[in-house]
Amino acid sequence: MNIWQDLVKTAVVGTQRLELKIPTQDNQLGEILNHLDTKDKEGCLLGAAGTIYFYQKAGKLTAIDSKKTVETCDLDDLPYCSHVSEQHLEIMLGGEYSKILPEWLKLLADTKKVVSPKYLPELLTLGNRENSLRKYILPVLGKRGIWLATQNPEWNYVSSEDTNKIWKNGSLEARKNVLNELRQSEAEAARSQLQSIWSKERAQERASLLEVLEVGLSVEDENFLEDALEDRSKLVRDVAARLLAQIPESKLVNRMVERVRPLLSLDRNGIEVTLPKKCTLEMTQDGIDESKYIPSLGEKASLLLQMLSFVPPSIWSSDWKKTPDELIKIVENSKWEKVFLEAWTTATIRSKNTIWAEALLKASLKLSKNLTNSDGSIKSLFKVIPESQTQSFILGVLQQHPNNIFSSANPAFSLLIHTPYIWDEQISQAAILSIKSCIESNNKVNNWQFGSTLATFSSKISPSVYSQAVKDLNFAASENIHKTLIDAIDRFLTKLQFRYEMRQALLV
């Protein structure tokens, strides 16, 4: 358009040096330009430029990329949760009772329902932020949620459609997710995929990806892990050694058994210990770390603890013809009690020995006294035992020690606190009776510990005993007890009520 070129030329030279000429045009543009005041040279120039600009834009359509089309979403074939359940979800997503969300999501999946569409973006974003929630979120997204996840790269953890692209170019976390998913269905294929990129990765990435092999770990992985023991990076070697320690029949475990056996013997006075002389190169390659020195034990005893941690404790039961309970009793109050309890606990978790796990949990007070991370160890021991067996075990301990379950001196205390799932109805009923008894006896309890423990119990107790809890504990307000305890009981009952109503709404 020549008129535009004339305007630009006039603007560059200046209206005082070059006369502005606006040609007459027989169209709507010309009609508007003819109304401009040519006496106001600067105003006329700006007015003409603005008019021509909008005239050119007004008739243009937005460009459409015909190559990219968004596929429509299939209709969900499962019902959405009820309006009341939506309200519960909104409360949890808002931060209140957020720790109960996994319980709600699991029950929603069990009842064959999916999340209402309006909460999908927030739930998908939460899953991107908190990996631990993904296993609960994925089953309740429905077809709409899965479709929606494909529209945002940040939600690609939902779909594995483009796994090759993620595996090549994705973040470390995204690649671990891909490997983890493949490992669950095709363990050998996942290992082969890791081997194919092994030499190209940096040490930190190799160590992090290698950790995924813990999923579906078997003796089939041994050769690859043995090779990883010779990696130039200590990070990688440590992961490989830890994984091999979880394969009882591995060469590494056998090597460690042969090293430790000559150092220990059992006689009528207890277990005789000969400390290792030094940490050899072969021991270092098998995961023994000389720098992990525990001052309270000493250098050589620290080495022995590490070595003993690699030996499945069933070896000692077999060699010495003693049950786990008997061996734990033998080391009680001895100078080596910490070494053996720490090592046997680690070895039990690694070898997943249920008999030893239950025996060690029975001795939870001893573990709390001797273990560096007793809380984490107790939680890990629980994972070794099947849930049904654990429930019976805890109930037995609670029935033997029903008084003052808020005291860490009660063997039931640490078991109840660290149970990794919701108690069954029997344990829940027994716990309510114990709480009631503690209040009625007006025992001198630590107000802070009472409130903290009761808050933990409120997430673990079965909502089915809500009515019993209200009946047995509401009397507390009329008792002569500290207001702090009354407030703790109110919070306990309020949270239990929320969980009870939450479940009722989902089961409708």
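## Salt bridges

Arg-202 is exposed, with a relative accessible area of 61%, whereas Glu-205 is buried at 12%; buried denotes under 20% relative accessible area, exposed over 50%, and partly exposed the range in between (1.4 Å probe, protein chains only). The two side chains meet in a salt bridge with an N to O distance of 2.8 Å, a salt bridge being a side-chain nitrogen of Lys or Arg within 4 Å of a carboxyl oxygen of Asp or Glu. The structure, a predicted model, holds 25 salt bridges.

Glu-103 pairs with Arg-499, their closest N and O atoms being 2.9 Å apart. Glu-103 is buried at 12% relative accessibility, and Arg-499 is buried at 0%. Arg-261 and Asp-319 form a further salt bridge, with 2.8 Å between the closest N and O atoms. Arg-261 lies in the loop between helix 15 (251–260) and strand 1 (264–267) and Asp-319 in helix 18 (residues 314–320), so this pair ties together parts 58 residues apart in sequence. Arg-261 is partly exposed at 33% relative accessibility, as is Asp-319 at 34%. A network of salt bridges links Glu-226, Arg-255, Arg-259 and Asp-286.

## Positive phi in loops

Lys-112, a residue other than glycine, has a positive phi near 60°. Lys-112 is placed in the loop between helix 5 (101–110) and helix 6 (120–129) and is exposed at 57% relative accessibility.

Asn-333, also not a glycine, has a positive phi of about 65°. The loop that holds Asn-333 runs between helix 19 (324–331) and helix 20 (337–351), and Asn-333 is exposed at 63% relative accessibility.

## Overall architecture

The protein contains 29 helices and 2 strands, which are DSSP runs numbered from the N terminus (helices H or I, at least four residues; strands E, at least two). The C-alpha atoms fill a box of roughly 120 × 70 × 45 Å along the principal axes. Of the 508 residues, 45% count as buried. Among contacts (heavy atoms within 4.5 Å) between residues at least 6 apart in sequence, 69% join residues at least 24 apart.

## Basis of the values

Residues are numbered from 1 along each chain as its sequence is written, and side-chain values use heavy atoms, with hydrogens and water left out. In this predicted model, local features need pLDDT of at least 70 and side-chain atom pairs count only at pLDDT 80 or more, while totals for chains, interfaces and linings use all residues.
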